[in-house]
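Hi,

Here's the structure I said I'd pass along. Have a look at it first, and then read on for what turned up.

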Amino acid sequence: MADDPAEVYDGIRAEFPLSFGKQSKSQTPLETIHNTTRRNQSLHQQPPSSSSSAANDLPSLSSSSKTWLNSLRSAKTPNPNDSDASLIGPPRPPQPNSTDEDDGDALIGPPPPPPGGAESDDEGEMIGPPAPARSNMEDSDSEAEEENKYRIPVSNEIVLKGHTKVVSALAIDHTGSRVVTGSYDYSVRMYDFQGMNAKLQSFRQLEPSEGHQVRTISWSPTADRFLCVTGSAQAKIYDRDGLTLGEFVKGDMYIRDLKNTKGHITGLTCGQWHPRKKDEILTSSEDGSLRIWDVSDFKTQKQVIKPKLARPGRVPVTTCAWDHEGQRIAGGIGDGSIQVWNIKPGWGSRPDIHVPGAHSDDITGLKFSRDGRILLSRSCDGTLKVWDLRQMKDPLKVFQDLPNNYAQTNIAFSPDEQLFLTGTSIERESTTGGLLCFFDRAKLELVSKVGISPTCSVVQCAWHPKLNQIFATMGDKSQGETHVLYDPTLSERGALVCVARAPRKKSVDDFVANPVIHNPHALPLFRDQPSRKREREKTLKDPVKSHKPDLPMTGPGFGGRVGVSKGSLLTQYLMKQGGMIKETWMDEDPREAILKYADVAAKDPKYIAPAYAETQPETVFAKSDSEDEEK
């Protein structure tokens with residue numbers, strides 16, 4: 001009889017130590033990982049509904065869990081005998097919503113008919129059979145179905161940190177693998193879901209324009225480049241890895257007509273890549289113009305658009321947008337108007353659609369629907385308006401009480417465009433934090449409010465179609481974050497990939513040496529001065545130097561130089577010592593020194609005297625005053 005293979009293996013395995021062989025690493029289950037990123041359900045606010053019942057509200061569970069519990073409850077047949085007393089007579093018909101309070105008393109005879117007027121406000125007698133009562137369980141089922149109808153992935157959340165001020169720009173590439181964020185701290189951070197671990201750190205940080213806030217970031221249709229718009233007058237193009245490809249030219253600020261300038265002359269406000277063409281972008285500026293650029297040539301522009309104004313002047317263009325096909329351009333003007341241009345042969349600056357006074361404050365965001373029928377506008381006046389592009393005279397719906405304090409607050413559609421969402425800003429005296437509000441496009445009503453931060457404002461938002469994840473940026477003067485909302489059962493890739501990837505554990509052999517920087521060619525201003533301490537100590541020990549200090553250089557010199565040798569040159573010193581240089585002028589009278597040459601000059605004149613000998617009168621010298629005084 002052959003031995004059992006398991007017994008043979010156990011016998012051989014017993015001869016080796018327990019540490020022998022490859023040890024299997026324990027992996028954390030995904031359910032545990034997602035439980036750590038689950039959002040607090042108290043932040044998820046539903047608008048009040050007339051059909052909701054507080055008595056049968058379920059605890060803070062996800063929508064799928066609520067549906068499962070409701071199916072179990074509805075599958076069970078309700079027991080009519082809820083009381084402990086015996087029931088005499090025919091059995092009571094099942095009533096899901098019983099209002100009897102005398103459960104403890106015995107019921108004799110047939111049960112009373114259900115009250116028909118319990119739900120109506122009329123106190124009169126009801127004629128006819130009573131209407132069937134709607135159970136509370138059916139109400140909760142309808143609420144769960146209503147919530148699951150939109151399938152909003154907000155059960156879990158991760159936070160991308162790194163910025164020190166509010167995050168004002170957000171862009172996710174079409175594949176959903178890379179996220180680029182810009183902030184008021186003048187920096188741009190790039191995140192890669194495929195390369196990130198659970199620490200959620202960015203792999204690159206840029207500063208496009210020193211001292212200028214980042215206002216808009218937009219990916220190209222091929223996702224190989226992205227556009228970065230800052231507060232400066234020049235937009236920049238970067239490749240997928242964050243390397244600078246080019247910078248558009250700046251115009252001449254002294255030219256009055258904007259159509260004659262080569263580029264924008266003041267700070268940019270918004271910019272967007274063409275949704276179809278990979279070499280065309282649109283920018284708007286505070287100088288009051290929109291410009292279409294060719295990415296292949298950074299020094300020339302294709303088109304300059306000047307909005308229609310009520311009076312001549314320069315009114316800033318606060319935002320701009322392409323439609324889904326790239327056939328129309330919308331611009332939000334600083335006077336509150338919305339203007340739309342159709343791109344067609346021979347088109348110019350005259351808008352095809354002009355809505356004056358659309359908002360009472362600056363417009364911060366415009367968004368076209370995919371079918372080209374709806375235009376959404378967001379403004380600093382605290383409203384969100386829905387416009388029908390076929391009839392732009394009046395808005396279809398105006399949503400109030402949506403505070404907005406940032407010029408980059410935008411609007412986004414859901415992947416199926418049944419919903420659209422926007423963020424709100426916090427107010428000083430309000431107790432409500434930054435919210436993400438969802439609206440139904442068909443019913444034009446508020447569907448849900450999701451609390452993102454209790455102390456910071458929500459600025460940018462996006463709902464990625466491939467990942468089925470919602471991105472929301474927030475921040476204030478001291479911090480900035482990007483929140484990624486997802487649902488493990490509905491979302492794909494993206495946050496699910498990096499959350500499940502644990503960071504690398506530090507090994508004992510890891511060693512990082514502190515870098516030592518040597519800069520021998522530094523400027524004298526920044527060079528470290530050598531220490532004079534040893535030199536001073538050595539001087540103090542010298543008896544000669546420490547006994548008496550050196551006397552200052554005194555006495556006359558020679559040739560304008562002061563020195564002991566009366567001359568700094570060795571030749572002068574030797575000539576003086578040899579008698580060739582005599583210095584007696586210190587001991588002589590200046591007048592006598594000149595007069596001693598008078599007789600020689602009179603007998604043998606050399607320079608000037610012979611030339612004037614015949615014409616010059618005889619020289620008469622004044623006599624000494626001392627002789628006159630003696631007389």
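One term before anything else: contact here means heavy atoms within 4.5 Å. Bear in mind that this is a predicted model, where local features need pLDDT of at least 70 and side-chain atom pairs count only at pLDDT 80 or more, while totals for chains, interfaces and linings use all residues. Residues are numbered from 1 along each chain as its sequence is written, and side-chain values use heavy atoms, with hydrogens and water left out.

Leaving aside neighbours within four places in sequence, Ser337 is in contact with Gly331, Gly332, His354, Val355, Pro356, Gly357, Ala358 and Ile363. Ser337 sits in the loop between strand S16 (328-333) and strand S17 (338-342). (Helices, H or I with at least four residues, and strands, E with at least two, are DSSP runs numbered from the N terminus.) Is Ser337 buried or exposed? Ser337 is buried, at a relative accessible area of 1%; buried means under 20% relative accessible area, exposed over 50% and partly exposed in between, with a 1.4 Å probe and protein chains only. The side chains of Ser337 and Asp335 are also joined by a polar contact of 2.8 Å. That term stands for a pair of N or O atoms within 3.5 Å; within protein, one must be able to donate a hydrogen and the other to accept it, and residues adjacent in sequence count only if both atoms are side-chain atoms.

Now the whole protein. The secondary structure comes to 11 helices and 29 strands. Of the 631 residues, 36% are buried. Among contacts with a separation of 6 or more, 50% are between residues 24 or more positions apart. The protein exposes about 40500 Å², and carbon and sulfur atoms supply 52% of that (areas come from the Shrake-Rupley method with a 1.4 Å probe; for residues, only the protein chains shown count as cover).

On to the sheets. Two strands pair if DSSP finds at least two bridges between them. (Axes are lines fitted to C-alpha atoms, for helices over the stretch in contact, and angles run from 0 to 180 degrees between N-to-C directions.) S2 and strand S29 (residues 480-486) run antiparallel and are joined by 6 bridges; Leu160 has Thr482 in S29 as its bridge partner.

Another open sheet of 4 strands goes S19-S20-S21-S22, again with antiparallel pairing. Strand S19 (363-368) and strand S22 (397-399) are its edge strands, each pairing on one side only. Here neighbouring strands are turned by 15° against each other on average, direction ignored. Strand S20 (residues 374-379) and strand S21 (residues 384-388) run antiparallel with 5 bridges between them, and Ile374 is opposite Asp388 in S21.

On one hand, S12 is joined to strand S11 (residues 268-273) by 5 bridges, running antiparallel, through a hairpin of 6 residues. Leu268 has Ser285 in S12 as its bridge partner. S12 also pairs with strand S13 (residues 290-294) in the antiparallel sense over 5 bridges, with Leu282 opposite Ile292. That hairpin has 4 residues between the strands, and Gly288 takes a positive phi near 90°.

Last, the cysteines. How many disulfides does a search of the whole structure find? It finds 0 disulfides, the cut-off being a pair of cysteine sulfur atoms within 2.5 Å. For Cys461, the closest cysteine sulfur is in Cys437 at 9.7 Å, which is too far for a bond. Cys461 is buried at a relative accessible area of 3%, and Cys498 is buried at 0%.

Cheers
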